[in-house]
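Thanks for making time this morning.

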Amino acid sequence: MNRVINCYERALVFLHKMPRIWIDYCQFVVDLSYVTKARHTLDRSLRSLPITQHCRIWPLYLTFIKKHSIKEQALRLYRRYLQLAPDNAEILIDYLLTVEHLDEAAVLLTKCLNNEDFQSKKGQSKHQMWIQLCQLLSENPNKITSIKVEPIIRQGLQRFTDMTGKLWISLADYYIRKHQFDKARDIYEEAVKTVMTVRDFGQVFDVYAEFEEQLITLKIENRNKNGKTSDNELDLQLRLRRFEKLMQRRPLLLNSVLLRQNPHNVNEWLKRVALFEGKPREIVNTYTEAIKTIDPKLATGKLSALWIEFAKFYEENKQLKEARIIFDKAVLVPFVKVDELADVWSHYIETELRHECYEEAMKHVRTATTAPPHKPSYFDRTESVQNRVYRSLKLWSMYADLEESLGDFTTTKNVYYRILDLRIASPQVILNFSGLLEEKNYFEESFKIYERGIGMFKWPLVYDLWTTYLSKFVTRYGGDKLERARDLFEQALDQCPEKFAKSIFLLYAKLEEDFGLKRHAMAVYNRATQAVLKEEQAEMFQIYINRATACFGVTHTRQIYEQALETLPDSDARVFGQRFSELETKLERLTARSIYIHTSQFADPRQCSEFWRLWQTFEVAHGNEDTFREMLRIKRSVRDKYSTQSSFNLPPDADTTAAATISANPMAQLQKDVQFVRGNEQTQASTVQNPDEIALDDDDEEDEDEDEEEETRGGEEEEGEGETRGEEEEEEEDGIVKQCVP
């Protein structure tokens, strides 16, 4: 070994600037585990080679450090290495943490974080390095003295808002480990009052509560161990009281977090007021703070509700003067929507009414409904809500109610006319105004209001107005103004949707029955059967038939039944056909058979057994053998038709059922019996032989002939079975005829 070392030394006398020789020499010495010799050789190489070649020597030096871990030597060498490669500071940090030189590790980590150009070789982000530093500081408060912990963590709170909860907990944990419990409690209190998210609040509050609980547990254990003293008991009671108060404050602290997120949230302010129930001073302060904080343009929820609840609070505490002051300020607030200002005015007026201040209530409603000089539009957002509230229907309805209760008929009527002039009336306002005029026996004026309201609205809003107007008109005049009533009904039915036509047609027909001509009533019923909804046609036809029977007798209904059979869907047509047949049977008219035949196409024998039973009863009573056989034939054909229709809806695996259904259908059986004709003639015509044709064995032809014979025999057997089934059905039919037909 010495000879090799001497050889390297002689080579370095002339080649001391050659890095390759130094690398081999250093590697050789390191492998020999000569610690001092290796260190000296590595140092000589660094002194001999230029700075640009040091990057080739230091990897060997770092390997030597890891192989022979001598703490002080390693620290000095790592510090020397950082002078060459400061970006590899994490290597020294990891080593310092390993040897528990935590103070120097924290200082070096802080320098890396303060260096904006630093990039982690381990792929760590600034966020991760901050978390590592905070964890290091909080867990080792007594070992780290060179840096100030609290400013560093607070700087992290400002930079990383998504980790606010954990950073606050780390700062409090730092003081807890230093046994500064009061300082830790102050940190927790500051945290729960400054965090911005519910998640961070939950993290901090849970740790805070656990901290207080552990302190109480320690106090109890010390009391049990050392005995009771007055100071210990007082301290324990104080801590218990503090813990209880903390748990009671939780809803209020959580509400504060939500308000810090959005200070313009009206609902959260109202919840905060509810949390101070039984504390009038805090409630007033909360309302005052909310009013000062909330911007009406940014408010979430109805800001008017906050003002109204504030005024109600004073009213409930019998301070009407203060409530009026709140309302007077509320009506000047620039709300976003007119409805909010209208709510404030309406509650202001209701408050005056509850205290029987009727003159004040009338004064307020007149003020609210007074139009400004330029009369802006209700939906003009460039105007303030105070200038647009005069078109609020809610306030005008309240004004009309107050005039009706406190004023006279003339003032009430003027208010209603003012509502109509502003064109803000609703159908209910029209009904109320007309009802008021009717009570005062102003019938014609009431009818004019109905007509004016009908001109203001379209279907379906006008439906209630028409039905009420027509009912009142008929009740008032009866048959005295029949032509005018007819004109009104025709106007109502013009452009009337099918959904609302039924009731109007019934009123129209009732008018004609009571005061007009019955044939006119029948014409109205006839129009109604075509004008109503499809779902209501059957019911309308039944009403038509009942009224025709009552007015003209049963014989007049035949034409109606025929029309119903042509118009109604299959299910309803079958019911009306059955009723028509029963009617004709009672009248002993043989046309019932033709009705049964026509209706039978809608009656599936598997579901409508009652229909076929009635027809069979009819044929037994009034028919003969031929008509009975015809009925059975029709029944079979209808059954086959519905069976064929249902077979198309069967699943693919229902082969057996489908085959049985098709065999029962004559048309399907006919299609089944059609076979492909063997092309013998075509085969004989194409007798030209192909010289390239491949000769096949005759056995295949014999097999094909045998298959054809088997198919022929199978077809003959199926035909025989079909004939047998036909004979069985005919025998069964003959038996039924012999039993039923005398």
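**A helix, its neighbours, and the chain around them**

Let me begin with helix α24, which covers residues 443-456, and which in this predicted model has 14 residues and reaches 20 Å from its first C-alpha to its last, close to the 20 Å expected at 1.5 Å a residue. Which residues of α24 are buried? They are F443, E445, S446, F447, I449, Y450, G453, I454 and M456, and you will notice that the glutamate E445 is listed among them. As for what these buried residues pack against, the partners are α22 (409-422) and α23 (427-439), together with α25 (463-477) and α26 (482-493).

One of those partners, α22, is also where T412 is found. Is T412 buried or exposed? Its relative accessibility is 2%, and because the cut-off for buried is under 20%, T412 counts as buried. If we set aside the neighbours within four places in sequence, T412 is in contact with A400, E403, E404 and L436.

Now to a pair of helices. The axes of α27, residues 498-515, and α29, residues 537-552, come within 12 Å and cross at roughly 5 degrees. Since angles under 35 degrees count as roughly parallel, that crossing makes α27 roughly parallel to α29. On the α27 side the contact is made by K502, L506 and E513, while α29 contributes E539, M540, I543, R547 and C551. Sorted by class, the residues in this contact are 4 nonpolar and 4 charged, with no polar residue.

Finally, the chain as a whole. How many helices and strands does the protein chain have? There are 38 helices and 0 strands, and of the 742 residues in the chain, buried residues make up 40%. If we take the contacts in the chain with a separation of 6 or more, residues 24 or more positions apart account for 54% of them. The accessible surface of the protein chain comes to about 43200 Å², and 50% of that surface belongs to carbon and sulfur atoms.

Definitions and conventions: Residues are numbered from 1 along each chain as its sequence is written. This is a predicted model: local features need pLDDT of at least 70, side-chain atom pairs count only at pLDDT 80 or more; totals for chains, interfaces and linings use all residues. Side-chain values use heavy atoms; hydrogens and water are left out. Axes are lines fitted to C-alpha atoms, for helices over the stretch in contact, and angles run from 0 to 180 degrees between N-to-C directions. Helices (H or I, at least four residues) and strands (E, at least two) are DSSP runs, numbered from the N terminus. Angles under 35 degrees count as roughly parallel, over 145 as roughly antiparallel, 65 to 115 as roughly perpendicular and the rest as oblique. Contact means heavy atoms within 4.5 Å. Ala, Val, Leu, Ile, Met, Phe, Trp, Tyr, Cys and Pro count as nonpolar, Asp, Glu, Lys and Arg as charged, and the others, Gly among them, as polar. The expected span of a helix is 1.5 Å times one less than its number of residues. Buried means under 20% relative accessible area, exposed over 50%, partly exposed in between (1.4 Å probe, protein chains only). Accessible areas come from the Shrake-Rupley method with a 1.4 Å probe; for residues, only the protein chains shown count as cover.
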